[in-house]
Amino acid sequence: LGLRPVFFLDDDWSKHGRHVHGIQVLGSPEEIARWRKDYEVEAAVLAMPSAPVKRVQEIYKLLASEGLKVE
């Protein structure tokens with residue numbers, strides 16, 4: 001996709017503060033507005049294969065409302 005990951009957000013609280021492939025999991029998707037202030041973010045990759053469709057839709061709307069391009 002030609003994107004460079006700068007952080008992850010995850011619903012799983014046990015992953016917060018950890019690193020995945022050297023990239024830190026900062027918090028939950030609902031915190032995107034907070035983290036956008038510290039990082040230059042233009043797009044988000046929404047990858048939640050085991051999440052219910054309703055949850056994926058909620059997060060998509062949240063990311064889009066922040067003006068992010070959602071892949």
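In the hairpin formed by strands E2 and E3, two residues sit between the strands, and one of them, histidine 21, takes a positive phi near 50 degrees. Helices (H or I, at least four residues) and strands (E, at least two) are DSSP runs, numbered from the N terminus. The model is predicted, so local features need pLDDT of at least 70 and side-chain atom pairs count only at pLDDT 80 or more, while totals for chains, interfaces and linings use all residues. Residues are numbered from 1 along each chain as its sequence is written, and side-chain values use heavy atoms, with hydrogens and water left out.

## The turn and its sheet

Most residues other than glycine have a negative phi. Histidine 21 has a positive value, and it is a residue other than glycine. Its place is in the loop between E2 and E3. Is histidine 21 buried or exposed? Histidine 21 counts as exposed because its relative accessible area is 79%; here buried means under 20% relative accessible area, exposed over 50%, and partly exposed in between, using a 1.4 Å probe and protein chains only.

Now for the strands on either side of that loop. Strands of a sheet pair through backbone hydrogen bonds, either parallel or antiparallel. In this report two strands pair if DSSP finds at least two bridges between them. E2 and E3 run antiparallel and are joined by two bridges, with valine 20 opposite isoleucine 23 in E3.

E3 (residues 23-27) also pairs with E1, this time in the parallel sense, over two bridges. In that part of the sheet, leucine 9 stands opposite glycine 27 in E3. Which order do the three strands take? They form an open sheet in the order E1-E3-E2, with mixed pairing. The edge strands are E1 (8-9) and E2 (19-20), each of which pairs on one side only. E3 is mostly covered, as four of its five residues are buried.

Serine 28 counts as buried because its relative accessibility is 8%. Setting aside residues up to four places away in sequence, serine 28 touches Leu9, Asp10 and His16, where contact means heavy atoms within 4.5 Å.

## The nonpolar core

A nonpolar core is a set of buried Ala, Val, Leu, Ile, Met, Phe, Trp, Tyr and Cys residues joined through side-chain atoms within 4.5 Å. Which residues make up the largest one? It has 10 residues: Phe7, Leu26, Ile32, Trp35, Val41, Ala44, Ile59, Leu63, Leu68 and Val70. The elements that give two or more residues to this core are helix H1 (32-36) and H2.

Apart from neighbours within four places in sequence, phenylalanine 7 is in contact with Ile23, Gln24, Leu26, Ile32, Trp35, Tyr39 and Val41.

Leucine 63, another core member, has its place in helix H2. At 6% relative accessibility, leucine 63 is also counted as buried. Not counting residues up to four places away in sequence, leucine 63 touches Ile32, Ala44, Leu46, Leu68 and Val70.

Tyrosine 60 has its place in helix H2 as well, and it is partly exposed, with a relative accessible area of 44%. Beyond its neighbours within four places in sequence, tyrosine 60 is in contact with Leu46 and Val70.

| Residue pair | Apart in sequence | Apart in space |
|---|---|---|
| Leucine 63 and valine 45 | 18 residues | 9.7 Å |
| Tyrosine 60 and arginine 18 | 42 residues | 23 Å |
| Phenylalanine 7 and alanine 64 | 57 residues | 17 Å |

## The largest pocket

A pocket is an open set of points on a 1 Å grid over the protein atoms alone, where a 1.4 Å probe fits, with protein on both sides within 12 Å along at least five of seven lines; lining residues have an atom within 4 Å of a point. The largest pocket holds about 950 Å³ of space. It is lined by 30 residues, and those nearest its centre are Phe7, Phe8, Leu9, Ala44 and Val45. E1, strand E4 (43-44) and helix H2 (53-65) are the elements that give two or more residues to this lining.

Terms used: Points joined across faces, edges and corners; volume = space filled by probe spheres on them.
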